[in-house]
Structures are given as structure tokens and as C-alpha cells.
Amino acid sequence: MQSVDEFVSLVSGELGIPVTRETVGAPFDALPKWDSVHLLSLLVLIERETQRRIAVPEALESTSLLDLYELAVTP
């Protein structure tokens, strides 16, 4: 997962959350069906795809999927 487009595909395909490149920066509460279970599932997917772990406290500070993407790709 090296691009936002790949991240959007991961979220849409694996979690079934309808997100696009245009809406990836939307706040979590604007995403249909988004809940804490999706957050934990996404963290597992990110770890699987990137071999990089995101700390839950850092993830909880995120306000959008784009924030999580940035945590995943920033060394």
C-alpha cells in the first residue's frame, strides 16, 4: 500500500466502507456505517499490508481515514 488510491481500495474492498479518493479525508462520523470495530479491523489490515504497526493511542487521535493512511506510510 503505497498510495492513497491503494488505501481507498483496501478500505472499500476489505471493510465495505464506501470511500473514495475525494472522501478519504472526511471525518469518521461522516462515513456511513463507521464504528470502532472498523477502526480495529483497519489497523489489522494496515499491519498486514505494510508490515507496520500503528499504536492504538495514535489511531484514536485520528479524525479521518486519511490520518490513518498518513500514520501507516510515515516512517
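Helix α1 (residues 4–15) meets helix α2 (residues 36–50) through F7, L10, V11, E14 and L15 on the α1 side and H38, S41, L42, L45, I46, R48 and E49 on the α2 side, where contact means heavy atoms within 4.5 Å. The residues of this contact divide into seven nonpolar, two polar and three charged, with Ala, Val, Leu, Ile, Met, Phe, Trp, Tyr, Cys and Pro counted as nonpolar, Asp, Glu, Lys and Arg as charged, and the others, Gly among them, as polar. The structure is a predicted model, in which local features need pLDDT of at least 70 and side-chain atom pairs count only at pLDDT 80 or more, while totals for chains, interfaces and linings use all residues. Residues are numbered from 1 along each chain as its sequence is written, and side-chain values use heavy atoms, with hydrogens and water left out. Helices are DSSP runs (H or I, at least four residues), numbered from the N terminus.

**How α1 and α2 pack**

- Two packed helices are described by the angle between their axes and the distance between the axes.
- The axes of α1 and α2 are 11 Å apart and the helices pack at an angle of about 125°, which makes α1 oblique to α2; the axes are lines fitted to C-alpha atoms over the stretch in contact, and angles run from 0 to 180 degrees between N-to-C directions.
- Angles under 35 degrees count as roughly parallel, over 145 as roughly antiparallel, 65 to 115 as roughly perpendicular and the rest as oblique.
- The crossing of α1 and α2 is right-handed, a term used if the near helix is turned clockwise from the far one by less than a right angle.

- The contact of α2 with α4 is made up of seven nonpolar residues, no polar and no charged.
- The axes of α1 and α4 come within 11 Å and cross at roughly 120°, an angle that makes α1 oblique to α4.
- The crossing of α1 and α4 is right-handed, and here V4, F7 and V11 in α1 meet L65, L66, L68 and Y69 in α4.
- The residues of the contact of α1 with α4 divide into seven nonpolar, no polar and no charged.

**The buried face of α4**

- The buried residues of α4 are L65, L68, Y69 and A72, where buried means under 20% relative accessible area, exposed means over 50% and partly exposed lies in between (1.4 Å probe, protein chains only).
- Seen down the axis of α4, these buried residues fall within an arc of 105°, so they line one face of the helix; the arc is that of the directions from the helix axis to the C-beta atoms.
- The buried residues of α4 pack against α1, α2 and α3 (56–61).

**Residues in the loops**

- K33 lies in the loop between α1 and α2 and has a positive phi of about 70° although it is not a glycine; with a relative accessibility of 69%, K33 counts as exposed.
- Q51 lies in the loop between α2 and α3, and its phi is near 60°, a positive value in a residue other than glycine; with a relative accessibility of 69%, Q51 counts as exposed.
- S62 lies in the loop between α3 and α4 and, at 9% relative accessibility, counts as buried.
- Leaving aside its neighbours within four places in sequence, S62 is in contact with F28, D67, L68 and L71.

**Partly exposed residues in the helices**

- S9 is found in helix α1 and is partly exposed, with a relative accessible area of 48%.
- S9 and L31 are 22 residues apart in sequence, and their C-alpha atoms are 15 Å apart in space.
- V73 belongs to helix α4 and counts as partly exposed at 36% relative accessibility.
- V73 touches M1 and R52, not counting residues up to four places away in sequence, whereas the C-alpha atoms of V73 and L42, 31 residues apart along the chain, are separated by 14 Å.

Definitions and conventions: Helix = DSSP H or I, 4+ residues; strand = E, 2+ residues; numbered from the N terminus.
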